[in-house]
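Subject: Model for you to look at

Hello,

Here is the model for your files.

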Amino acid sequence: MVEPRFKNESDVELVRAIAQGDEQALAALYDRHGPTLFGLLLRILNDRLEAEDVLQDVFVQVWQEACRFDESRGRPFTWLVTIARSRAIDRVRARGSRDRKETEASRANWEETYDIADDAIRSEESELIHRALAEIPREQREVILLAYFHGLSQSEIASRTGTPLGTIKTRMRAGIKRLKAILCQKIHGRGDEKN
């Protein structure tokens with residue numbers, strides 16, 4: 001069982017703790033992203049046992065290389081997906097010397113693999129945005145949702161909601177500023193309240 005102290009830690013904080021040799025942080029990162037990575041590996045390798053084996057290799061590599069992770073170059077989840085994809089493709093290539101036919105079938109999935117990894121990253125980003133939206137006031141959230149997810153102009157939002165256009169513009173500005181601060185805090189672990 002993973003310690004509760006890691007429940008609210010960001011991925012970056014977990015990787016930092018792993019770099020310091022904290023096994024519980026590694027377990028927390030595994031619990032958080034292991035199922036998604038396993039699905040990706042299973043799709044590439046088409047073999048449950050190999051996917052489990054490669055997933056273990058991924059987290060061994062994370063354990064060994066956490067101190068080299070550079071958060072300025074990307075998020076931990078993207079790093080995990082990159083490691084998993086690379087290890088899986090290496091495994092498929094190694095398999096080729098044993099079974100050429102299986103390798104050919106797997107090659108057809110390589111392009112699809114990149115789409116799956118991108119979908120996984122987009123899914124994580126979407127979840128992050130939805131959680132951030134839930135934290136801003138309802139009036140600001142409504143304006144942002146109507147503009148960005150329903151494609152309405154500010155004038156159309158004002159007309160649809162019966163709210164003055166100036167109020168819509170103010171809510172939009174305030175909502176985007178607050179959303180940016182929340183996302184910066186969630187992604188980088190600290191707010192960017194000045195912007």
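**Conventions**

This is a predicted model, in which local features need pLDDT of at least 70 and side-chain atom pairs count only at pLDDT 80 or more, while totals for chains, interfaces and linings use all residues. Residues are numbered from 1 along each chain as its sequence is written, and side-chain values use heavy atoms, with hydrogens and water left out.

**The chain as a whole**

The protein chain has eight helices and zero strands. Helices here are DSSP runs of H or I with at least four residues, strands are runs of E with at least two, and both are numbered from the N terminus. Along the sequence the pattern reads α-α-α-α-α-α-α-α.

Of the 195 residues in the protein chain, 39% are buried. Buried stands for under 20% relative accessible area, exposed for over 50%, and partly exposed for what lies in between (1.4 Å probe, protein chains only). Taking contacts between residues at least 6 apart in sequence, 55% join residues at least 24 apart; a contact means heavy atoms within 4.5 Å.

**Confidence**

The mean pLDDT of the protein chain is 80, and 78% of the residues score at least 70. pLDDT is the predictor's confidence in each residue, on a scale from 0 to 100. Where pLDDT is low, the predicted coordinates should not be read in detail.

**Helix 1 and what follows**

Helix 1 covers residues 11–19, and its buried residues include Asp11, Val12, Leu14, Val15, Ala17 and Ile18. After helix 1 comes Gly21, with a positive phi near 90°.

**Helices 2 and 3**

The axes of helix 2 and helix 3 come within 9 Å and cross at roughly 140°. Axes are lines fitted to C-alpha atoms, for helices over the stretch in contact, and angles run from 0 to 180 degrees between N-to-C directions. That angle makes helix 2 oblique to helix 3; under 35 degrees counts as roughly parallel, over 145 as roughly antiparallel, 65 to 115 as roughly perpendicular, and the rest as oblique. The crossing is right-handed, a term for the near helix being turned clockwise from the far one by less than a right angle, with anticlockwise giving left-handed.

On the helix 2 side the contact includes Leu26, Tyr30, Phe38 and Leu45, and on the helix 3 side it includes Arg48, Leu55, Phe59 and Trp63. By class, this contact has 14 nonpolar, one polar and four charged residues. Nonpolar covers Ala, Val, Leu, Ile, Met, Phe, Trp, Tyr, Cys and Pro, charged covers Asp, Glu, Lys and Arg, and polar covers the others, Gly among them.

Asn46 is in the loop between helix 2 (23–45) and helix 3. Asn46 is exposed, with a relative accessible area of 66%. Its phi is positive, about 55°, although Asn46 is not a glycine. Most residues other than glycine have a negative phi.

Gln61 is in helix 3 (residues 48–65). Gln61 counts as buried because its relative accessibility is 15%. Leaving out residues up to four places away in sequence, Gln61 touches Ile83 and Arg87.

**Helices 6 and 7**

The axes of helix 6 and helix 7 (residues 154–161) come within 10 Å and cross at roughly 125°. These two helices are therefore oblique to each other, and their crossing is right-handed. Glu142, Val143, Leu146 and Ala147 of helix 6 meet Ile157, Arg160 and Thr161 of helix 7. The contact has four nonpolar, one polar and two charged residues.

**Ile136 and Ile144**

Ile136 lies in the loop between helix 5 (100–134) and helix 6 (138–149), and is buried at a relative accessible area of 3%. Beyond four places in sequence, Ile136 touches Arg141, Ile144, Gly175, Arg178, Leu179 and Ile182.

Ile144 is in helix 6 and counts as buried at 3% relative accessibility. Its contacts beyond four places in sequence include Leu133, Ile136, Phe149, Met172 and Ile176.

Regards
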